[in-house]
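This report describes selected features of one protein model, with attention to strand pairing, helix packing and charged contacts. The sequence and structure are shown below.

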Amino acid sequence: VACLSSRMVAAPPWATLVPFRKVDADPNKSYDLEEKCGPWMIMAASFVGAAAEEQSHDLVLELRQKQHLEAYTFRRTYDFTKPTEGLGYNRFGGPRRMRYMTNSKFEEIAVLVGNFASVDDPRVEKVLETLKYARPDSLDPNKRKESTQRLAGLRQLYDMVSTSPAEKTKGPMGSAFVTRNPLLPEEL
């Protein structure tokens, strides 16, 4: 998968007349995030559980096919089973050792969209707004018997009690936000 930013490759003058870009969307391919994919991305959704792989892949394909957006998956494992160093000192003057309340280990798969060369890229806000109000079939609770999208139940509850009309019209990716490519070093 080639991730080339718009500033790295000069587009021909006629390219601005084309209403949409061709984005690869092969159902037999996986679109894993790579370092060469733009330094700025939009975190659209994340999944945990047995069907996380399938649901994240379905969302990536749908965003690529229907929205013509460069979408990728990114995996990260979280391990809360081991003790960690807390703030302060123990009674012997050593570092304070603490345990997490959850005591669990899990893998999360995030769906990241974009390939933006800069956070100031004019496409960032437009794509972010599109994602926040999109209602992809792959995240439709009426079309899937179970969702592994993180905090989906909490979002449904929030929608039911929210009095803000703008918040009520947001879709399942309504909490999408701009972030850096997590594979790049922090000092860039």
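## Bridge partners in strand β5

Y72 has L112 in β5 as its bridge partner. L112 also stands opposite M43, and A110 in β5 is the bridge partner of S46. Strands here are DSSP runs of E with at least two residues, helices are runs of H or I with at least four residues, and both are numbered from the N terminus.

The model is predicted: local features need pLDDT of at least 70, side-chain atom pairs count only at pLDDT 80 or more, and totals for chains, interfaces and linings use all residues. Residues are numbered from 1 along each chain as its sequence is written, and side-chain values use heavy atoms, with hydrogens and water left out.

Two strands are taken to pair if DSSP finds at least two bridges between them. Strand β2 (residues 71-79) is joined to β5 by nine bridges in the antiparallel sense, and β1 (residues 40-48) runs antiparallel to β5 with eight bridges.

Strand β5 (residues 105-116) is mostly covered, with nine of its twelve residues buried. Buried means under 20% relative accessible area, exposed means over 50%, and partly exposed lies in between (1.4 Å probe, protein chains only).

## Salt bridges

The whole structure contains eight salt bridges, each defined as a side-chain nitrogen of Lys or Arg within 4 Å of a carboxyl oxygen of Asp or Glu. One of them links R75 and D32, whose closest N and O atoms are 3.4 Å apart. This pair connects distant parts of the chain, with R75 in strand β2 and D32 in the segment before β1, 43 residues apart. R75 is partly exposed at a relative accessible area of 32%, and D32 is partly exposed at 35%.

A further salt bridge joins K66 and E62, with 3.9 Å between the closest N and O atoms. Both residues lie in helix α1, four residues apart, about one turn of the helix. K66 counts as exposed because its relative accessible area is 51%, whereas E62, at 12%, counts as buried. Elsewhere, salt bridges that share partners join D32, E53 and R75 into one network.

## Surroundings of H57

H57 is located in helix α1 (residues 52-66). Leaving aside residues up to four places away in sequence, H57 touches P27, K29 and S30. A polar atom of the H57 side chain lies 3.1 Å from the backbone oxygen of P27.

K29, one of the residues touched by H57, has a side chain that forms a salt bridge with that of D24 at 2.7 Å, N to O. K29 is partly exposed, with 34% relative accessibility, and D24 is partly exposed at 35%.

How values were computed
A polar contact is a pair of N or O atoms within 3.5 Å; within protein, one must be able to donate a hydrogen and the other to accept it, and residues adjacent in sequence count only if both atoms are side-chain atoms. Contact means heavy atoms within 4.5 Å.
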